[in-house]
Amino acid sequence: MRSGLLSAARAAYRENDRPDKQDIMLLRSSPPSNMPKMRRSWRVKLIILGVLAAGYGAFMWHMMHSKPPVIMQRVLIPVEVVKKKEQAEPKGPPAPPIPLIQPPQVEIPAPVIKR
């Protein structure tokens, strides 16, 4: 009795598991009819993300492929040639050296350790 139930279950499993040629073509060409749809909020988010990505791509393409308008072809900068002024007075003598003062001697007593 047990072997009969097992063989019937195996046969039913094989029949349900074996895809027909029509099912294979259906899976390859389009999603099945019983496939759950994406949530509406996720679809909206995906569409907004796609629009933003397309806009960014179009903007970047425009920036990389357009040339800036040429406003001025030649720029005239007025320049005056000025004679170099001579120094009025020569520099003074150098300052005398500053004597260094030795720091005071600091005596720190040795620490006392009590045992």
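The following exercises, with worked solutions, concern a predicted model.

Residues are numbered from 1 along each chain as its sequence is written. In this predicted model, local features need pLDDT of at least 70 and side-chain atom pairs count only at pLDDT 80 or more, while totals for chains, interfaces and linings use all residues; side-chain values use heavy atoms, without hydrogens and water.

**Exercise 1.** Determine the secondary structure of the protein and the confidence of its elements.

*Solution.* Helices (H or I, at least four residues) and strands (E, at least two) are taken as DSSP runs, numbered from the N terminus. The protein has three helices and zero strands, and its pattern along the sequence reads α-α-α. Next, consider pLDDT, the predictor's confidence in each residue, from 0 to 100. Its average is 79, and 74% of the residues score at least 70.

**Exercise 2.** Identify the position of Lys45 relative to Trp42.

*Solution.* A charge sits over a ring if NZ of Lys or CZ of Arg is within 6 Å of the ring centre and within 35 degrees of the ring normal. Lys45 lies over the face of Trp42, at 4.7 Å from the ring centre.
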